[in-house]
Amino acid sequence: MSGSVVDNTVSSGNSSAAIPTDISGQILDLDEDDDLEVFSKDTTLTDGSSLNASMQTSSASMINQYKFEEEEEDADTKDIFVTVDNPESHVTAIETYITYRVETKTTRSEFDSSEFEVRRRYQDFLWLKGRLEEAHPTLIVHPLPEKFVMKGMVERFNEDFIETRRSALHKFLNKIAEHPIFSSSEDFKIFLTAGSGELTSHKKQGPGFLSRMGETVKAVAAAVRGVRSRPQEFTDMQEYVEAFSQKISSIDKVTQRIVREQKEYLEELKECGPTYALWSQSEEELAEPLKNVAGCVDKCCKETDEQVKHLNDHLIPVLHEYVLCADTLKAVLRRRDNIQADFEAKTEALATKKADRDAMRDELDKTEDRLEWANNALKSDWTRWQKGMRTDLRSAFIDTAERNVSYYEKCLAVWESFLQSQRTDAEGNGNVDFS
Amino acid sequence: MRERERDAEQGDARNRTSLLKKMEISVAEAEKRTGKNAVNMQETYTVYLIETRPVDAASEGTNPVPDSLWRRYSEFEQLRNYLLVTYPFLVVPPLPEKRAEFVWHKLSADNMDPDFVERRRVGLENFLLRVASHPDLSTDKIFYSFLTEENGWKETVFETGFQAKADSRLKALNATFRVKNPDKRFAEMKHYGDELQSVISQLLRVRARAADRLYGVYKVHGNYGRVFSEWSAIEKEMGDGLQSAGHHMDAYAASVDDILEEEEHYADQLKEYLFYADALRAVCRKHELTQYELEMAAQDLTSKKQQREELATGTIRTFSLKGMTSKLFGQETPEQREAKLKMLETQIEEGEELVKERNGECEEFVKSAWVDIERFKEQKDHDLREALISYAIMQISMCKKGIQVWNNAKECFSKM
């Protein structure tokens with residue numbers, strides 16, 4: 001993965017170690033500490049370039065360092081392959097749950113080996129997602145499949161549900177692996193490689209309850225404050241996300257409706273074939289063509305069944321992912337707004353307060369840096385996300401169109417062979433030629 | 001329908017005398033009329049324009065204006081009832097349905113609906129062509145005047161007295177009776193008619209439901225068109241591809257109307273044979289009645305003969321109330337007996353005549369019916385096979401449209 005990227009989670013979990021003394025008392029400002037770590041870490045990337053960023057790195061250079069390059073997803077340079085498969089159920093005294101096999105093959109030097117195989121459950125994926133979001137509040141994390149099915153009709157251990165989930169989890173990890181920043185996350189590495197015991201203890205090292213509480217309080221406060229002067233581009237983004245969310249949800253609903261109607265059509269069509277077959281039993285001359293038609297209708301039923309399955313298994317999951325993406329984007333924009341609100345509040349406070357001006361100015365600077373950094377991160381990841389969205393949806397629609405063409409082609413062949421058989425018959429019997 | 005005309009003409013030698021050889025027939029138009037009915041109430045009804053033109057005229061290139069007259073559905077019904085009564089041994093072509101049945105939701109069940117009227121117009125034309133190409137029916141004078149005499153036809157047909165005959169026949173047919181020696185062939189034919197009716201009904205029902213669903217599938221795709229269009233407004237690079245794909249989705253949604261209209265023709269072809277099945281069963285039933293009446297006459301004759309024998313020999317083998325009463329209240333006089341015998345002789349004579357007559361009728365019926373049933377079988381096999389072929393052609397056309405639309409959509413998606 002090319003591009004000059006910094007990873008700030010390399011030593012996550014040890015956040016306390018890097019807290020500079022002057023703000024060590026402010027446990028609530030934990031994300032600032034994370035940000036600080038960005039500038040102090042030495043990250044080696046696969047292309048050999050390393051960043052020697054320090055705490056004093058200016059915003060300007062930071063912006064440059066945060067630009068992703070366009071060809072980052074070139075398949076030839078892909079150096080990590082992650083697969084999620086093989087669901088298995090586990091029964092304990094307290095609960096039953098499913099684990100999935102996560103297999104990693106990589107040539108990256110930061111990995112101790114080139115192949116890893118671990119088992120993970122949904123909770124673990126949730127944890128990883130949370131860690132990434134915490135570390136990068138304004139980066140876009142691909143959504144996970146939902147916790148449980150909303151409709152309540154499918155049970156957690158239903159085969160189709162498990163397969164749908166497995167496929168979505170697979171996509172999730174691959175999206176992480178493709179992401180210039182997330183893929184070098186320490187949490188990600190541990191997720192892929194650690195034994196279950198190691199993972200559990202690593203999980204425990206995360207920010208504690210208090211810090212999470214602090215996050216929430218801050219977020220609420222920021223939300224209440226609101227943003228005064230949001231840059232136009234982020235307002236544009238927000239408007240786009242609102243509209244996109246609506247449209248993609250509509251498309252998702254339309255597609256689900258199509259699946260429903262198609263299934264009902266199939267139910268009716270399934271009765272046609274047998275009716276023709278029944279009829280053929282009363283006939284003599286007509287018996288053969290009727291039986292033939294019955295066979296054709298049955299074949300078309302099979303094709304229809306497979307076409308519906310394809311829609312269900314391929315288009316709908318992708319649409320669904322992007323419905324969830326829209327929510328993610330909204331959250332990301334909210335978080336960015338909160339950071340800005342925080343900065344604006346501190347600016348105001350500095351203007352009005354008399355005491356502690358130095359400390360406040362320091363904090364303001366850090367907040368400003370944080371904001372700058374968050375904005376740039378979002379802008380870059382936004383471009384990246386849009387590209388990915390375009391690719392994903394385009395290929396999903398193309399795939400669907402191709403499948404539909406194939407469906408019609410197969411049905412066409414069925415009926416043409418019927419015509420052919422009747423033609424041969426007609427010519428054999430010297431009947432009327434129908435061209 | 002022209003195809004049937006052609007087929008009928010190209011068909012077997014028997015059609016050489018068919019009316020269609022001499023005359024072009026069509027039901028060209030339909031119109032709404034209002035008028036006062038029998039009970040002086042205002043009603044709206046549809047009339048159909050029957051056009052006829054001698055075949056030679058057209059081929060000579062003179063192309064004269066066809067003769068034409070207007071008829072309403074009820075008159076067609078009268079014609080058919082007349083034919084049914086006059087030719088009970090023939091499988092009389094059916095009329096298009098009186099009310100729309102096997103309707104899927106988009107189709108109207110309203111008799112005044114223009115689509116229904118149009119399909120009925122086609123069906124009526126088909127009926128006339130069927131009759132006109134039938135070797136026996138086409139020579140009927142009443143049929144000819146139905147086509148050519150606007151006024152006075154109703155009186156003419158009434159004068160044939162067919163209505164009274166129809167009513168009495170109907171009564172007899174609806175009564176329950178059992179034939180002692182049912183004709184195996186006719187019994188099988190009737191059974192076939194039952195099965196055909198049942199299976200075509202089922203097929204029409206299933207087809208209507210499937211059509212409903214298919215309509216839904218296609219129309220929902222129209223929503224893609226709308227949403228893609230709206231979505232394209234907020235996208236830069238994807239916009240054009242989405243917008244044009246949306247247009248194809250609209251086209252796809254719209255294409256189902258034509259598809260289902262074509263399928264409706266197929267359904268009409270099936271319906272014709274659904275009603276034909278009924279006509280076939282009617283012939284078998286009428287044969288049964290004829291046979292029953294023959295059996296009744298024969299039975300009556302036998303009983304009369306037995307009575308005569310008993311009276312002549314004085315033995316009573318058969319129970320008769322008269323016999324019983326005479327036993328109880330005393331024998332009859334020789335003169336009375338003589339009178340009775342004479343009466344019986346007359347009755348027996350008449351009875352024998354009746355049996356002979358009915359036997360002849362039965363034989364005639366069987367002969368003619370069987371010829372027509374064979375003709376009908378051939379026609380049915382040919383027509384239904386053609387219908388199945390045209391159904392396959394329709395399906396192929398539908399698939400081709402689908403392939404085209406989705407290939408176009410795919411191209412648009414690639415430009416996203």
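A salt bridge is taken as a side-chain nitrogen of Lys or Arg within 4 Å of a carboxyl oxygen of Asp or Glu. Glu103(A) is buried, with a relative accessible area of 15%. Lys105(A) is partly exposed, at 37%. Here buried means under 20% relative accessible area, exposed means over 50%, and partly exposed lies in between (1.4 Å probe, protein chains only). Glu103(A) and Lys105(A) also belong to a network of salt bridges that links them with Asp85(A), Arg101(A) and Glu117(A).

The model is predicted: local features need pLDDT of at least 70, side-chain atom pairs count only at pLDDT 80 or more, and totals for chains, interfaces and linings use all residues. Residues are numbered from 1 along each chain as its sequence is written, chains are lettered from A and ligands numbered from 1 in the order in which they are written, and side-chain values use heavy atoms, with hydrogens and water left out.

Over all chains, the structure holds 58 salt bridges. Side chains of opposite charge can pair when their charged atoms come close. In chain B, Glu97(B) and Lys271(B) meet through their side chains at 2.8 Å, N to O. Glu97(B) sits in the loop between helix 3 (73–86) and helix 4 (114–132) of chain B, and Lys271(B) in helix 9 of chain B, so this pair ties together parts that are 174 residues apart in sequence. Both Glu97(B) and Lys271(B) are buried. A salt bridge also joins the side chains of Arg119(B) and Asp268(B), at 3.1 Å, N to O. Arg119(B) belongs to helix 4 of chain B and Asp268(B) to helix 9 of chain B, so the pair ties together parts that are 149 residues apart in sequence. Arg119(B) counts as buried at 18% relative accessibility. Asp268(B) counts as partly exposed at 22%. Helices (H or I, at least four residues) are DSSP runs, numbered from the N terminus.

Chains A and B meet through 55 residues of chain A and 53 residues of chain B. Contact means heavy atoms within 4.5 Å. The area buried between the two chains is about 5400 Å², and carbon and sulfur atoms give 73% of it. Buried area is the accessible area (1.4 Å probe) that two parts lose on being put together, summed over both. Across this interface the rule finds 8 salt bridges. Glu264(A) forms a salt bridge with Arg213(B), with the closest N and O atoms 2.9 Å apart. On the side of chain A that touches chain B, helix 8, helix 9 and helix 10 of chain A each supply at least two residues.

The largest nonpolar core has 122 residues. Such a core is a set of buried Ala, Val, Leu, Ile, Met, Phe, Trp, Tyr and Cys residues joined through side-chain atoms within 4.5 Å. Tyr276(A) and Trp231(B) have the most contacts inside the largest core. Helix 11 of chain B gives the most to this core, with 22 residues. Trp231(B) touches residues of both chains, among them Phe244(A), Ile248(A), Met389(A), Phe397(A), Met238(B) and Leu242(B), when residues up to four places away in sequence are not counted. Apart from this core lies another, of 35 residues, including Tyr48(B), Tyr73(B), Ala132(B) and Phe143(B).
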